[in-house]
Amino acid sequence: MHADVVIIGRVLTHGGEKSKISTPYGNVGAFSSRISGRDIVFISRHGDDHLPPHRVNYRAIICAAAFTGADRIIAINTVGSMISPPGSFVIPNDFIEFTKSRVSTFYEDRAVHVDMSEPYCPEIRAALMESCRAEGHEPYEGVYVCTEGPHLETRAQIKMLRCFGDVVGMTGYPEVVLARERALCYASICLVTNTAGEGQIDIDQIVSVERKSRSALARIIERAVSRIPGQRSCRCSRALENAEL
Ligand code: HPA
């Protein structure tokens, strides 16, 4: 199954022909289609069994993305926001993580230290920002905070996280790091499903915002795919140069 761009998400924005990609880390379900003359593969992050965020097989997903031949990944993440209202879109420019149990590297036996000074690909970020605007959604930028979950945050946690970041979610890490370890371009578009830190969070509200925003998200992604330059001129492809001790 060949792809130019891989989309990873829970909310299926692009269907198409379903198949399975086998990796040394496990099998991954994938849907292939075409957007603006480019081959797209949509990988469902949580799989058919809907694994919770802390049990998602992030290595299998990124490995499967690499196996398609794609060098670009667009991730879709739902988040609680500390800076913008439900229904808005945030394009992260950095991240911080507070996870506990996730395997976060492909390099278990070698000391490979990839640079993370610009974790998200600037070319895909630019395409996502422009595409949001073109669809009439002024995008926000900010720091993505990844928590372990699966519980939502306490008020005290949100008070602390406000000092570090702008949006909070459970699925953005370690995907971003694993993509860098494969020298793939990776950026995320975060759909804000709720305001973080303003009282009780209702899962029905999250699902309802997802449902309402699905077609806008699909259109933004379609535009972004067509805007991503043909050739990579970012640094992502050189991630493994001088990274090993
Ligand atoms: N916190 C963590 N993850 C989330 C949230 C949240 O408020 N909303 C959607 N995913």
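**Second largest pocket**

I started with who lines the second largest pocket: β3 gives the largest share, five residues. I'm working on a predicted model, where local features need pLDDT of at least 70, side-chain atom pairs count only at pLDDT 80 or more, and totals for chains, interfaces and linings use all residues. Residues are numbered from 1 along each chain as its sequence is written, and side-chain values use heavy atoms, with hydrogens and water left out.

For my own reference, a pocket is an open set of points on a 1 Å grid over the protein atoms alone, where a 1.4 Å probe fits, with protein on both sides within 12 Å along at least five of seven lines; lining residues have an atom within 4 Å of a point. A volume is the space filled by probe spheres set on the points, which are joined across faces, edges and corners. Helices (H or I, at least four residues) and strands (E, at least two) are DSSP runs, numbered from the N terminus.

The second largest pocket holds about 320 Å³. I found 19 residues in its lining, with N27, V28, G29, G47 and D48 nearest the centre. β2 (17-23), β3 (26-35) and α1 (58-67) each supply at least two lining residues. I sorted the lining into seven nonpolar, seven polar and five charged residues (Ala, Val, Leu, Ile, Met, Phe, Trp, Tyr, Cys and Pro count as nonpolar, Asp, Glu, Lys and Arg as charged, and the others, Gly among them, as polar).

**Largest pocket**

Next I looked up the largest pocket, with a volume of about 480 Å³. Its lining has 27 residues, and R10, P53, T78, M170 and I206 are the closest to the centre. Two or more residues each come from β5 (72-81), β8 (167-169), β9 (185-195) and α5 (203-227). β5 gives the most, five residues. By class, I have 14 nonpolar, nine polar and four charged residues in this lining.

**α2 against α5**

I then checked the axes of α2 (residues 122-134) and α5, which come within 8 Å and cross at roughly 135 degrees (axes are lines fitted to C-alpha atoms, for helices over the stretch in contact, and angles run from 0 to 180 degrees between N-to-C directions). α2 and α5 are therefore oblique to each other (under 35 degrees is roughly parallel, over 145 roughly antiparallel, 65 to 115 roughly perpendicular, and the rest oblique). In the contact (heavy atoms within 4.5 Å), I listed A127, L128, E130, S131, C132 and A134 from α2, and I220, R223, A224 and R227 from α5. These contact residues divide into six nonpolar, one polar and three charged.

Which peptide bonds did I note as cis? G149 to P150 is one, with omega near -5 degrees, and Y173 to P174 is another, with omega near 10 degrees. P150 sits in the loop between β7 (140-147) and α3 (155-161), while P174 is in the loop between β8 and α4 (175-181).

I also flagged H50, a residue other than glycine with a positive phi, near 45 degrees. H50 lies in the loop between β4 (38-44) and α1.
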